[in-house]
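Please open the structure in your viewer and keep the sequence at hand.

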Amino acid sequence: QVQLVESGGGLVQAGGSLRLSCVASGRTLSTFSMAWFRQAPGKEREFVVGISRNGASSLRGRFTISRDNAKNTVYLQTNSLKPEDTAVYYCAARGGMTWRLEVSEYDYWGPGTQVTVSS
């Protein structure tokens, strides 16, 4: 079992930045591929970015994922935020070698952190 807890969300003006963190406990994070998802009101949860066990990550412009296995933490750097980025952001872990796009591929989820971008 692994427990994930996100932090760093909040209210930010359009064009601003936030750095989200996801701390794992129970097992070492280095054995998991990780991802950030988000879910806006009335919408399905969607993949944002992922990072493999070897550190290879997906690319998504204004969003950058990184990991610090020594701290058992994954980060999401968000830049040039837009009102449409408003959502609850979740980190997720899976036991495979690399990240996947689908929600169903992930075994563990954090409770989420709210990001609200004002115009």
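Which residue stands opposite T73 in β7? Select T73, and V23 will be found opposite it. Before continuing, note that this is a predicted model, in which local features need pLDDT of at least 70, side-chain atom pairs count only at pLDDT 80 or more, and totals for chains, interfaces and linings use all residues. Residues are numbered from 1 along each chain as its sequence is written, and side-chain values use heavy atoms, with hydrogens and water left out.

Next, select β3 (residues 18-25) together with β7 (residues 73-78). Strands here are DSSP runs of E, at least two residues, numbered from the N terminus. β3 and β7 are antiparallel and joined by 6 bridges; two strands pair if DSSP finds at least two bridges between them.

Display the whole sheet: it is open, with 4 strands in the order β1-β3-β7-β6 and antiparallel pairing. Because β1 and β6 (63-68) are at the edges with a single partner strand each, one side of each has no neighbour in the sheet. From one strand to the next, the twist averages 20 degrees, where axes are lines fitted to C-alpha atoms and angles run from 0 to 180 degrees between N-to-C directions.

Finally, select F63 in β6. Is F63 buried or exposed? F63 is buried, with a relative accessible area of 4%; buried means under 20% and exposed over 50%, with partly exposed in between (1.4 Å probe, protein chains only). Residues up to four places away in sequence aside, F63 touches several residues, including R38, L76 and Y89, contact being heavy atoms within 4.5 Å.
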